Amino acid sequence: MKKLLFMPLACICAMAPAQTITVRDNSTREAIENVSIKDKNNLSVLTDASGKADLTSLDKSDSLTVSQLGYFSKKIVGGPGTFNISLTSKIIMLDEVVFSANRTKEKKIDVPYSMEVIKQKDIEFSNQSNTGDVLVNTGNITSQKSQMGGGSPNFRGFEASRVLIVVDGVRMNNAIYRSGHLQDVMTLDAQMLERAEVIFGPSSTMYGSDALGGVMHFYTKNAQFSTTDKMLLKANAMVRYASVNNEMTGHVDFNLGFKKFASLTNVTYSSFDDLTSGSVKLNGYTNKWDRSYYVIQRGENLGSFAVAGGQTKAGRDTMVQNPNNNKLVGSGYKQMDIMQRFSIKTGEHLTHNLNFQMNLTPELPRFDRLAGDYSGSNLKFAENYYTQNRMMVAYTLNHDAKTGVSDNIKFIVAYQKIDQNRITRQFRKNNRTTQMEDVGVISANLDVMKNIKEKHEVRYGVEFTSNDVKSTAKNFDIVKDSTYRADTRYAAASKMNTFAAYISHAFEVNDHFIISDGIRYTNASVVCNFTDTLPFKFPDPKAVQKSQAVTGSLGFTWKAENDYKVSLLANTGFRTPNVDDMSKLFASGGSILIVANPNIKPEYAYNFELGISKVMNGKYKFDVTGFYTIVENYLTQRDFKLNGQDSVTYQGTKYKVQAMQNTDRAYIYGVNAGCQLDFNQNVSFKSSINFTYGRYSDVKKDTIYPLDHISPVFGQSSIIYKAKNTDAEFFVRYNGKKVLSEYSPSGEDNLQYATANGMPGWFTLNIRAGYNITKNLRINAACENITDNRYRAFASGINAPGRNFIVSLRYKL
């Protein structure tokens with residue numbers, strides 16, 4: 001009888017309709033993963049990668065609470081069947097999670113560091129053409145540009161080899177990263193990024209050498225597993241056009257996920273025509289930045305013109321007047337990025353990931369040299385461009401089972417290959433010089449995290465890196481069609497090794513007070529073998545440098561959820577001289593020749609900072625951070641004597657000799673302030689402003705000089721609107737002036753490209769919007785630099801874009 005009663009009941013339960021929910025972003029209509037749906041008994045379920053969750057197990061006699069980090073919560077009434085809801089994102093992220101501060105997941109409010117977090121939806125909405133511009137879009141980072149294809153991020157007065165680039169846990173900085181301006185961030189495809197995090201200030205305790213000014217940690221999209229028996233298929237395709245340079249970008253990525261195996265393929269191709277700069281000259285701007293002339297080759301037999309770069313025996317370099325001096329002829333380029341990731345589960349707590357990335361840039365014009373360097377009344381160069389390829393293969397093992405010594409273990413081994421070629425030919429010269437740098441980098445990282453009695457979190461690990469640098473060069477006579485010897489940029493063969501071990505710790509004293517501390521030991525060695533590939537003889541054919549560094553950090557965080565945070569941080573950083581510092585031969589702008597100087601020492605930074613933030617009513621947030629950084633043995637470019645001579649003749653030109661040398665001390669201090677205001681779920685406002693001041697001392701001359709890389713005051717203010725299927729932003733980006741007396745004598749500030757009064761201040765007005773045509777198809781449009789102002793970012797050798805109309809279509813499945 002009991003069986004007979006049970007059977008109809010089982011049938012009724014089996015026939016009951018499933019109760020499922022799909023949660024999407026109110027503006028972008030994208031599915032939101034890991035949304036919590038909680039009932040009155042505090043039982044909850046989470047949405048999957050498709051934004052779906054089964055509500056069958058929840059008590060629906062009362063309302064359910066739907067919540068997710070970074071979104072306004074919502075209460076719903078559960079019922080039978082399937083239904084959809086949307087959540088609106090916040091500007092104020094009180095419960096934000098970060099991964100890079102201590103190389104593990106933790107709440108941002110718990111760490112004493114000042115940080116910037118950029119999410120995938122921010123990257124897609126900003127619609128920027130490269131990763132450097134994505135960083136600038138935060139309003140807290142500037143970027144120097146020597147050409148359209150690039151961007152050298154600058155924050156807190158540090159740039160290039162003094163800030164560390166990390167991608168998926170692997171450091172990108174290698175032995176030939178220079179201290180001047182470095183455009184390598186462009187080799188990271190913005191379309192492949194899941195998120196990016198920027199740590200401001202010395203971070204050598206967790207990341208080692210080069211993290212003097214901070215760390216840019218880029219996380220690429222990962223292959224996603226399916227949580228059901230069905231294959232998880234996700235696809236994303238985008239096309240974009242920009243008017244200012246006729247940009248044509250196409251992108252596609254797709255994910256195939258199963259329970260134990262997943263694959264993600266990512267491809268992006270971009271083509272950029274010559275850039276058009278603004279036509280409205282602001283107060284203080286002259287005609288110096290006009291592109292009045294450019295070089296072509298006139299074919300004497302053909303009676304026609306061809307682009308410079310392929311002169312024949314019948315050709316002759318000719319300076320041609322530019323009919324539109326706002327058109328920066330010779331700035332266009334093309335780029336391709338490929339990424340492939342595989343993930344494999346071999347146990348409940350063990351996953352393996354294979355990460356392959358490649359960037360190909362076949363010809364990247366060095367516009368500042370093509371347009372800004374003159375020899376008398378003629379342009380100095382007929383050809384000046386790079387070719388560069390970056391390849392990375394990385395294997396990551398992740399083990400998240402709790403043991404006596406760990407809660408999580410991550411092991412990464414990676415190989416990177418970087419090929420950089422510099423091709424130059426002077427105006428009406430037959431000799432084309434190609435300098436080739438071949439860099440191979442092997443690295444291994446072991447990072448372990450362990451929670452102890454819920455109050456203590458310990459992270460410890462080791463890191464090893466090995467850089468091999470081969471530097472070769474050749475000259476090619478384009479008339480005689482012959483090849484012969486040329487001077488290399490670096491020592492012919494160099495090697496740089498590092499080994500490090502670290503431990504860091506966080507102690508949650510109570511709900512409102514956290515102490516963070518850490519220490520790291522690093523051992524580094526650099527060997528440069530000088531041969532006859534360099535034009536000048538050095539006293540020792542082999543330069544060897546060995547160094548050790550101990551760095552540490554101590555931070556205190558006082559906090560109250562949804563109220564305030566006060567952080568106090570004292571930390572140190574270091575940078576060991578690399579192959580570029582020790583052995584470079586380089587003709588800089590103007591009449592300066594930089595030569596090798598093996599007799600230099602590591603730089604050490606000592607930083608102190610105080611951060612305060614206050615949240616009012618959960619809607620209004622105000623924050624300010626002040627810092628003071630001292631750098632001992634600061635490396636800067638200064639006058640130098642080579643074999644007793646302060647000037648030499650190189651490639652037919654007489655140059656003043658300079659080299660990288662340690663100064664006695666540099667100091668930098670500054671303030672970052674910002675506010676974020678959520679007026680309601682539709683309208684928000686955010687603003688930031690940054691001020692930095694820097695000097696270095698020369699005890700021998702008893703003189704204080706302006707430090708290089710110090711950007712003038714800058715910031716950004718935005719009004720943001722969000723509604724169903726729509727979001728929009730109007731923003732103003734602004735930058736103060738840089739007077740001549742604030743330029744560093746080192747030459748890194750590129751005074752030769754400034755006006756007679758320095759670098760004038762500037763501003764731009766900009767607007768962008770996105771609209772979902774369907775749940776899968778979205779259009780984004782923008783107009784940047786609405787008033788078509790002509791300006792340059794500080795220290796840049798190329799004008800910024802003029803009025804730019806951008807439109808993109810994105811389809812997501």
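This is a predicted model: local features need pLDDT of at least 70, side-chain atom pairs count only at pLDDT 80 or more; totals for chains, interfaces and linings use all residues.
**Exercise 1. How many bridges join S5 to S6, and which residue is the bridge partner of valine 66?**

Start with the pair itself. S5 covers residues 64–67 and runs antiparallel to S6, with three bridges between them.

Now go down to residues. Valine 66 has lysine 74, in S6, as its bridge partner.

**Exercise 2. Describe the largest cavity: its volume, its lining and the elements that contribute to it.**

First, the search. Over the whole structure, eleven cavities of 30 Å³ or more turn up, and the largest has a volume of about 780 Å³.

Second, the lining. There are 50 residues around this largest cavity, and those nearest its centre are Asp133, Lys145, Arg733, Tyr791 and Pro801. Among the elements that give two or more residues to this lining are helix H3 (131–136), strand S11 (142–144) and strand S51 (726–735). S51 supplies the largest share, four residues.

The lining of the largest cavity splits into 20 nonpolar, 23 polar and seven charged residues.

**Exercise 3. Which residues lie closest to the centre of the second largest cavity, and how does its lining divide by residue type?**

Begin with the volume, which is about 290 Å³ for the second largest cavity. Its lining has 24 residues, and closest to the centre are His181, Arg366, Arg369, Phe586 and Glu748.

Then sort the lining of this second largest cavity by type: four residues are nonpolar, twelve polar and eight charged.

**Exercise 4. S11 gives residues to the lining of the largest cavity; which open sheet does S11 belong to, and where in that sheet does it stand?**

Step one is to find the sheet. S11 belongs to an open sheet of three strands, ordered S11-S12-S13 with antiparallel pairing.

Strand S12 (residues 152–155) runs antiparallel to S13 and is joined to it by two bridges. Here asparagine 154 stands opposite glutamate 159 of S13.

Note on methods. Residues are numbered from 1 along each chain as its sequence is written. Side-chain values use heavy atoms; hydrogens and water are left out. Two strands pair if DSSP finds at least two bridges between them. On a 1 Å grid over the protein atoms alone, a cavity is a set of points where a 1.4 Å probe fits but cannot get out, and a pocket is an open set with protein on both sides within 12 Å along at least five of seven lines; lining residues have an atom within 4 Å of a point. Grid points are joined across faces, edges and corners, and a volume is the space filled by probe spheres set on the points. Ala, Val, Leu, Ile, Met, Phe, Trp, Tyr, Cys and Pro count as nonpolar, Asp, Glu, Lys and Arg as charged, and the others, Gly among them, as polar.
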